[in-house]
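I opened my notebook to look around a structure that is new to me. Here are my entries, in the order in which I looked things up.

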Amino acid sequence: MSPLVIASQLDTEFNDVIRQRLAQAHPGARVLDVPAGVPSDLPADVGVLLARPINVRGYQAPDTPPPGWPYGLNWVHVVSSGIDFYPQWLFDGPPVSTSRGSAAENIAEFALAAIFAAAKHLPDIWVHDSHWNFTALTPLKGSTLGILGFGAIGRSLATKARALGINVLALRQSTAPFEVKGVEAAEGIHDLFARADHLVLAAPLTDATRHIVNPAVLASAKPGLHLINVARGGLLDHAALLEALDSGAIGLASLDVTEPEPLPDGHPFYTHPRVRLSPHTSAISSNSRHEIADSFLANLERFLSGATLQNLANVQRGY
């Protein structure tokens with residue numbers, strides 16, 4: 001059997017975790033550090049590619065693959081959950097699997113933190129002198145959380161919210177029952193927006209979901225709705241959101257994702273008093289290198305044994 005050679009576009013400290021874990025399970029396996037971006041000139045003995053997002057920070061990969069693609073690759077594993085950050089030709093070669101679910105807990109915690117911050121007026125209530133003004137804080141128990149999309153992030157968030165006494169209303173593409181007890185199905189996206197106090201976007205970005213949150217949907221929102229986007233910026237019509245924020249129809253928008261990323265200097269979201277903007281960081285944690293390694297190495301064992309890979313990419317679904 002040929003030696004296992006993996007080309008990884010991750011940072012060296014991430015690759016070192018994988019090397020250490022491989023040394024125990026597969027002595028002789030090698031992990032090569034290769035540049036991020038469009039894969040090119042991979043050595044002939046590389047059978048596996050661990051890939052970072054390509055179409056990010058304004059870069060767009062060519063519509064055609066590099067010469068020689070897919071080289072000697074037998075499998076590609078991407079470190080993101082969604083597949084919209086990659087060119088179509090990446091999925092026309094060897095099997096591609098995703099890291100779907102590996103950062104779900106981190107993202108759910110981030111969304112819950114945004115909800116707490118809004119309800120408890122953080123950081124606005126911190127005092128810096130002796131002039132204390134008391135603010136009535138909003139209880140979360142008995143409030144309604146809407147979740148658009150109910151994959152790993154939605155399930156984790158719903159579980160945490162239900163434990164806090166929050167009512168959870170969700171909408172998913174599938175008609176399958178929700179896996180979390182007590183979650184109510186919304187009748188549609190307008191019903192979801194009309195009844196939620198806080199609403200988290202956690203759906204994949206596809207042609208069908210691009211700008212799914214449009215002027216008509218925003219117009220149906222419960223007055224003062226707190227809208228949280230931890231999925232993809234393209235789900236949300238930014239111009240329509242800005243109008244809804246200015247009119248007060250949307251009380252607050254906590255945005256960890258935008259389109260494009262980053263937003264250009266001078267964009268209204270940077271200074272809008274009803275926008276809390278973070279730099280697509282909800283999935284990243286101090287434990288990310290181990291979470292990514294867990295996802296990749298579990299699938300590597302399936303690959304090596306000839307078993308079906310988990311989280312195979314589906315272009316139609318968007319993940």
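**Entry 1**

I began with Y71, which I found in the loop between strand 3 and strand 4. I kept in mind that this is a predicted model. Y71 is not a glycine, yet I read a positive phi of about 55° for it.

P70 has its place in that loop too, between strand 3 (48–51) and strand 4 (75–78). I checked the peptide bond that joins W69 and P70, and it is cis, with omega about 5°.

**Entry 1: another cis bond**

Next I asked myself: which residues does the other cis peptide bond on my list join? They are L122 and P123, and omega is about 5°. I placed P123 in the loop between helix 2 and strand 6 (144–148).

**Entry 2: the second largest pocket**

Helix 2 came up again when I turned to the second largest pocket. I noted about 300 Å³ of space in this pocket. It is lined by 20 residues, and the closest to its centre are A118, A119, T138, H198 and H226.

Which elements give two or more residues to the lining? I wrote down helix 2 (104–119) and strand 10 (225–229). Helix 2 provides the largest share, with three residues.

I also sorted the lining by class: ten residues are nonpolar, six are polar and four are charged.

I stayed with helix 2 and looked at how it packs. Two packed helices are described by the angle between their axes and the distance between the axes, so I looked up both values.

The axes of helix 2 and helix 3 (residues 152–163) come within 8 Å and cross at roughly 50°. That angle is why I call helix 2 oblique to helix 3. The crossing of helix 2 past helix 3 is right-handed.

Then I listed who meets whom. From helix 2 I have A104, E105, I107, A108, E109, A111 and L112, and they meet A152, I153, S156, L157 and K160 in helix 3. By class, this contact holds eight nonpolar residues, one polar and three charged.

**Entry 3: helix 1 beside helix 7**

I finished with another helix pair. How do the axes of helix 1 and helix 7 lie to each other? Helix 1 covers residues 12–25 and helix 7 covers residues 288–305; their axes come within 9 Å and cross at roughly 40°. Helix 1 is therefore oblique to helix 7. I noted a right-handed crossing for helix 1 past helix 7.

On the helix 1 side I wrote down E13, F14, V17, I18, R21, L22 and A25. Their partners in helix 7 are S288, R289, H290, I292, A293, D294, F296, L297, L300 and E301. In the contact of helix 1 with helix 7 I counted ten nonpolar, two polar and five charged residues.

Conventions: Residues are numbered from 1 along each chain as its sequence is written. This is a predicted model: local features need pLDDT of at least 70, side-chain atom pairs count only at pLDDT 80 or more; totals for chains, interfaces and linings use all residues. Side-chain values use heavy atoms; hydrogens and water are left out. On a 1 Å grid over the protein atoms alone, a cavity is a set of points where a 1.4 Å probe fits but cannot get out, and a pocket is an open set with protein on both sides within 12 Å along at least five of seven lines; lining residues have an atom within 4 Å of a point. Grid points are joined across faces, edges and corners, and a volume is the space filled by probe spheres set on the points. Helices (H or I, at least four residues) and strands (E, at least two) are DSSP runs, numbered from the N terminus. Ala, Val, Leu, Ile, Met, Phe, Trp, Tyr, Cys and Pro count as nonpolar, Asp, Glu, Lys and Arg as charged, and the others, Gly among them, as polar. Axes are lines fitted to C-alpha atoms, for helices over the stretch in contact, and angles run from 0 to 180 degrees between N-to-C directions. Angles under 35 degrees count as roughly parallel, over 145 as roughly antiparallel, 65 to 115 as roughly perpendicular and the rest as oblique. A crossing is left-handed if the near helix is turned anticlockwise from the far one by less than a right angle, and right-handed if clockwise. Contact means heavy atoms within 4.5 Å.
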